[in-house]
Amino acid sequence: MYHRITPTPSSVYDRTPGDFRAELERLVHEDYVPVTATEYASGKIDIPAGKHPVVLTFDDGSTSQFTVDPAGNPAPESAVGILLSVAQANPGFRPVATMYVFNPPFEEPTGRRSLTWLHDNGFEIGNHTVNHPNLGKVSSAEAQQEIAGMQRVITDAVPGLRVDSIALPLGMHPDEEPLAADGSADGVTYHHTSVMLVGSNPAPSPFTTDFDPTNIPRIRSQGPAGEDAGYGSTAWLDKLAAAPESRYTSDGDPAKTSAPNSVTTQPSPNAPALHRY
């Protein structure tokens, strides 16, 4: 989970461009391959055998994450620009991410130019509400207006786009929790197949019975020091590297689910073509 990518961090949520590039390069060297939130949540993880899926998510839609120059190219020191650079230098590292935006996306009044570029280049656009409220502190009607209103902004900018994923502002569900995934307001109906929390731990495999698509935890990108660093990305990548068997590892076939016989965790009934070894 990323927020601003800035040379002058002002909170634990910010990373510098150098930090961000270094984290992406670590993911490359440890055999992670980016997938979108919807690819993960739907189990459509089509990456080479031996690789590990990672979902890069960006909240708020700041210009530090993405902006385009007059020629239509991403700013080199933006998050998207750095991701494209790392992917170009490392073939096989997919330059994809899920961008959760509020209004206006990337400080562009309509979001049309920025959201169209992202959609055309394989990035996923997700909902982060219109005004970023704590959805647990507004009425059910207001919560639906916030979510449906942002879907309208996104689909007005990119007609025909399906908005399949939402990141809850502050990680807070509406009082009526199902309204995060399904609802309607002002003539707009929305349906999200994944609902992202703030969280502090890795998300489970989508093929386990522990997987709850309406409550998906995320890891905040963070270095080895600072407030709650023990729950940040550096600490978790260290833990996963020390226990490689705990990582999701692709078998190279998205139509098959492989699991060792030694694992007692039961797979989800929806797991396709279970293969034990």
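Colleague: Which element gives the most to the lining of the second largest pocket?

Modeller: That is α2, with three residues. Keep in mind that this is a predicted model. Both α2 (37-42) and β5 (124-127) supply at least two residues each to that lining.

Colleague: What makes a residue part of the lining of a pocket?

Modeller: A lining residue has an atom within 4 Å of a point of the pocket. For the second largest pocket, 15 residues line the space, and T36, T38, E39, E124 and D164 lie nearest its centre. The volume is about 230 Å³. By class, the lining has four nonpolar, five polar and six charged residues.

Colleague: Why is α4 called roughly perpendicular to α5?

Modeller: The axes of helix α4 (residues 112-120) and helix α5 (residues 140-157) cross at roughly 75 degrees. Angles of 65 to 115 degrees count as roughly perpendicular, so α4 is roughly perpendicular to α5. Their axes come within 8 Å.

Colleague: Which residues make the contact between α4 and α5?

Modeller: On α4 they are R112, L115 and T116, and on α5 they are I154, D156 and A157. By class, that contact has three nonpolar, one polar and two charged residues.

Colleague: What makes a space a cavity and not a pocket?

Modeller: In a cavity a 1.4 Å probe fits but cannot get out, whereas a pocket is open. Here the count is one cavity of 30 Å³ or more. The largest cavity holds about 60 Å³ of space, and among the residues lining the largest cavity are F207, Y248 and K256. Its lining divides into five nonpolar, three polar and three charged residues.

Terms used
Residues are numbered from 1 along each chain as its sequence is written. This is a predicted model: local features need pLDDT of at least 70, side-chain atom pairs count only at pLDDT 80 or more; totals for chains, interfaces and linings use all residues. Side-chain values use heavy atoms; hydrogens and water are left out. On a 1 Å grid over the protein atoms alone, a cavity is a set of points where a 1.4 Å probe fits but cannot get out, and a pocket is an open set with protein on both sides within 12 Å along at least five of seven lines; lining residues have an atom within 4 Å of a point. Grid points are joined across faces, edges and corners, and a volume is the space filled by probe spheres set on the points. Ala, Val, Leu, Ile, Met, Phe, Trp, Tyr, Cys and Pro count as nonpolar, Asp, Glu, Lys and Arg as charged, and the others, Gly among them, as polar. Axes are lines fitted to C-alpha atoms, for helices over the stretch in contact, and angles run from 0 to 180 degrees between N-to-C directions. Helices (H or I, at least four residues) and strands (E, at least two) are DSSP runs, numbered from the N terminus. Angles under 35 degrees count as roughly parallel, over 145 as roughly antiparallel, 65 to 115 as roughly perpendicular and the rest as oblique. Contact means heavy atoms within 4.5 Å.
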